[in-house]
Amino acid sequence: MQDKRRVVITGVGVATPLGLGIEDTWDALLSKRTAIGPMQGFDASELPASIGGELPAFKLADYIPKSHRKSAKLMCRDIEIAMVCAYQTVKHAGLVTKCMVERGEAEADAKVDPVRFGASLGAGLIPADLRELAAAFNTAVTDGKSLNLTAWGEEGMTNLTPLWLLKFLPNMLACHVTIVHDAQAPCNTITCGEASGHLAIGEAFRTIARGDADVCICGGVESKTNPMGIGRQIKMDRINTQDNDNPTLASQPFGQDREGMVVSEGGGMVIIESLDHAQSRSARILGELAGFGSGHDIHHWQEPCPDGEGTAIALRKALADANIKPDEVDLLNPFGTGIAKHDESELAGWRAVFGPDMGKKHAATTRGALGINGAGSGAIDFAVSIMALYSNTVPPSQNTEAAIAANAFGFVSSDSRDADITAMISLSRSLSGGQRAALVVKKFQEN
Amino acid sequence: MNRRTVITGMGCVTPLGFEVEEVWRRLLAGECGIAPTTLFDAATFPTTFAAEVKEFPLAALLGDQSERHASASRNSRFALAASVLAWRQAGLDQALALDHTQIGVYLGGGEGPLDFDASTQAAIAGSRDDDGQPIDFDSVRWAPAAMELLNGERELEQEPNLAAAHIASLFKLQGPNFNTLTACAASTQAIGEACNMIQYGDADVMITGGTHSMIHPIGVTGFNRLTALSTRNDDCYTASRPFDRTRDGFVLGEGAGIVVIEELAHAQHRGAKILAEIAGFGSTADAYRVTDIHEEGRGPIGAMRIALHKAGLEPADIDYISAHGTGTEENDKIETRAIREVFGDLAPNVPISSIKSMLGHLIAAAGAVELIVCVQAIRDSIAPPTIHYHTPDPNCDLDYIPNEARKTNIRAALSNSFGFGGQNNAIVVKAFTP
């Protein structure tokens with residue numbers, strides 16, 4: 001085993017339907033708000049599900065330096081959200097990056113060393129914008145209904161802007177983030193559905209621990225509140241189609257009287273850095289990133305393991321990596337989907353590790369309030385759980401009455417609860433593919 | 001004490017065949033896998049050719065598991081076939097008492113090809129009025145068509161993490177399971193990060209590499225609009241001309257490259273044959289511009305230097321460079337400049353080649369196949385050529401092993417992969433010595 005450097009978390013940033021920035025989102029969670037409502041971004045009335053969680057309006061220019069404004073035309077929605085998250089995260093960490101200097105929000109002489117600053121982001125399978133694509137397709141339709149490849153090749157494709165492809169490549173989130181904030185150290189983009197954020201954070205954790213970077217911005221972002229984003233999930237039979245008139249109750253993790261997930265959009269990121277680096281710049285330390293583990297449900301790539309074995313492997317590995325035992329963990333952050341087979345699998349995995357009394361531990365999830373955006377959901381949960389640990393507050397988890405009654409997890413459904421939280425564990429899991437990943441954060445102590 | 005990472009198995013599916021030894025023989029012979037596109041009607045596209053994968057015996061390789069993986073996308077099929085070949089070469093099919101929680105998968109897997117007819121017809125239905133006249137896209141009109149035409153399983157199999165999931169399910173691998181999609185740099189990044197996982201102890205064995213096919217109407221459209229592809233339609237066989245002054249873009253290829261990497265003691269304990277050692281890996285971001293590579297090659301220089309440093313090697317120890325060498329004006333010039341910067345006075349003496357001249361560009365899978373070729377080159381003391389190299393470019397003035405393979409002792413090789421978005425990865429592989 002290599003010598004490991006200690007890694008701490010110094011900033012968290014989110015863009016969620018409850019607010020842009022961790023403060024707004026956290027306050028909204030504490031006031032038990034739910035962000036699911038009728039879809040506004042496009043007319044979803046003819047789809048079996050017409051609700052989702054969409055971000056408040058924002059101006060991209062507030063989150064990027066002037067020098068990058070002309071690149072805005074190369075951004076799909078996911079990239080725009082990544083810009084918001086990255087700015088929020090860097091600001092929360094008090095980290096001085098190129099963006100903050102160019103925006104006049106910080107002094108250049110305190111800028112983080114770009115070659116020691118890395119990025120590791122989770123991203124989704126980003127669908128091309130149908131408004132743009134359909135308009136171009138329309139120029140190459142000769143039978144009234146299908147794309148004529150001859151016409152498309154001759155002329156039709158020229159109706160797409162030359163740089164069209166670059167808007168939708170998953171790694172372009174990290175591309176824009178690294179340019180804006182000048183991060184030149186190891187940079188990766190993990191595309192493992194809802195597990196992406198935890199896997200990306202875990203990898204960046206290792207990168208810093210072995211000394212290949214001193215600081216990393218890491219997390220995940222995705223938007224599924226677009227026609228293909230929700231349409232694909234509907235066709236995969238994952239969506240709650242019964243609660244279009246009850247949007248605030250529609251996303252019910254580990255519940256028993258509702259079935260299916262609700263789509264949303266957003267993302268979460270954290271700034272992690274070596275302890276030395278954080279202390280040398282006198283950064284506020286929110287917690288110590290102490291453990292990472294990942295595993296896989298091998299049962300079938302389309303279905304979770306009924307016994308949640310991959311989940312249990314990820315949890316055990318993360319605990320072992322953090323060198324703590326299950327009874328030393330005070331807060332659990334399960335993923336939760338609202339899809340019975342997924343939630344049953346996940347619950348079985350947690351119980352295999354934490355035992356039958358698991359419901360007595362504090363637990364929190366944003367699933368009821370925020371739905372699932374894909375690659376960004378786990379990172380949002382992780383950011384919220386860090387704040388819970390840092391502030392010794394268990395936030396309410398919306399729509400968890402059934403889960404509490406079943407003694408599945410010790411969620412709080414009423415007002416937030418004060419609690420002494422010394423360690424938390426957060427899990428995310430992909431709906432397609434079987435990836436499972438867990439992260440352990442301990443309250444920071446000097447020794 | 002650092003854990004060492006060795007390669008114990010390799011498999012690939014490429015436009016020049018699917019057995020590593022067959023592909024290797026054909027590369028040394030300077031064969032080329034480029035021909036007119038047959039996967040779709042590309043006759044009127046700006047580029048009408050590609051390097052396609054032909055037959056590969058997936059059903060035979062999967063045996064009684066074949067039916068179970070029948071829904072797999074083209075990407076996942078390539079990856080499954082290459083994985084079975086690599087798994088067998090590593091002797092893992094004969095291994096007893098493996099800890100499957102310590103065996104993982106790390107792929108640079110592309111998104112599966114779009115369900116083309118269904119998704120295009122739904123998009124078109126969404127942008128036609130009741131009289132069939134074109135209108136702006138209307139999701140209300142799109143919705144019923146999409147719900148009728150789209151298929152859940154085909155949508156699911158497009159997810160980029162599905163190839164890694166198929167592999168894990170086939171071999172029952174419960175360890176870490178990652179997919180990276182850093183464009184053309186993805187599989188080198190996957191292998192490098194998988195090595196990091198082994199060194200840390202997150203896993204003892206990783207099935208790693210990449211798989212991708214973008215030879216479909218949307219993929220070719222995207223690259224044609226970027227003007228990244230060669231359009232030498234009248235002479236497509238010679239269209240991929242890395243480092244040649246007449247180069248006019250890359251040629252799209254497809255396929256998979258998979259390696260089994262393993263912690264040294266684990267490999268030795270089970271008596272595995274060790275093919276080579278992965279000695280170092282470097283990864284950087286250009287952090288420069290969305291559309292251009294940094295002119296000085298800042299990111300590639302950093303990646304190569306870090307990889308050498310991690311390997312504990314000097315430029316003089318590198319006897320062969322497998323270039324990213326796409327055949328685009330910009331890449332080949334800047335890669336040459338970066339190699340000059342890192343290798344200094346030694347640069348003109350290091351044999352460099354781009355097998356993309358023969359296989360085309362396998363995008364996310366390119367780096368993995370190129371690493372496999374480096375291992376073969378070390379074993380056989382022979383470097384593959386850059387074919388169709390005839391006209392020197394003053395901006396590309398190094399030794400690109402023109403047109404014919406070259407016998408040369410190779411102790412260690414460096415393989416470069418760079419991707420759109422400023423992703424730079426370099427990996428060093430060397431002959432194994434205990």
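Which residue of E13(B) is the bridge partner of B:Ser322? The bridge partner is B:Ser415.

## Basis of the model

This is a predicted model, in which local features need pLDDT of at least 70, side-chain atom pairs count only at pLDDT 80 or more, and totals for chains, interfaces and linings use all residues. Residues are numbered from 1 along each chain as its sequence is written, while chains are lettered from A and ligands numbered from 1 in the order in which they are written.

## Chain A overall

Chain A contains 14 helices and 15 strands; helices (H or I, at least four residues) and strands (E, at least two) are DSSP runs numbered from the N terminus. The C-alpha atoms of the chain fill a box of roughly 70 × 55 × 40 Å along the principal axes. A compact globule of 447 residues would have a radius of gyration near 22 Å, and the 21 Å of chain A agrees with this; the radius is taken over C-alpha atoms, and the globule rule is 2.2 Å times the number of residues to the power 0.38.

Of the 447 residues of chain A, 66% count as buried. A residue is buried if 20 or more other C-beta atoms lie within 10 Å of its own, exposed if 12 or fewer, and partly exposed in between, with C-beta atoms placed from the backbone. Among contacts in chain A with a separation of 6 or more, 78% involve residues 24 or more positions apart; two residues are in contact if their C-beta atoms, placed from the backbone, lie within 7 Å.

Chain A is divided into domain 1 (7-127 + 168-442) and domain 2 (130-164), with bounds that come from an automatic or database domain assignment. The centres of the two domains, taken over C-alpha atoms, are separated by 37 Å.

## The sheet of chain B

In chain B, 10 strands form an open sheet of mixed pairing, in the order E5-E4-E6-E7-E1-E8-E14-E13-E9-E10. Two strands pair if DSSP finds at least two bridges between them. The edge strands, E5 and E10 (352-353), each pair on one side only.

Strand E4 (residues 103-109) of chain B is mostly covered, with seven of its seven residues buried. Three bridges join E4(B) to E5(B) in parallel, and B:Tyr106 stands opposite B:Phe178 in E5(B). Seven bridges join E4(B) to E6(B), also in parallel, with B:Gly108 opposite B:Gly210. E6 (residues 205-213) and E7 (residues 254-263) of chain B run antiparallel and are joined by nine bridges; here B:Thr208 stands opposite B:Val259.

Eight of the eight residues of strand E13 (residues 412-419) of chain B are buried, so the strand is largely enclosed by the rest of the structure. B:Ala412, B:Leu414, B:Asn416 and B:Phe418 point one way, and B:Ala413, B:Ser415, B:Ser417 and B:Gly419 the other way.

Strand E9 (residues 320-322) of chain B runs parallel to E13(B) and is joined to it by three bridges. Eight bridges join E13(B) to the antiparallel strand E14 (residues 423-430) of chain B, where B:Ala426 is the bridge partner of B:Asn416. E13(B) and E14(B) form a hairpin with three residues between them, and B:Gly421 in the turn has a positive phi of about 95 degrees.

## Contact between the chains

The contact takes 80 residues from chain B and 83 residues from chain A. Elements of chain B that give two or more residues to this side include helix H4 (116-125), helix H8 (186-200) and strand E8 (276-285).
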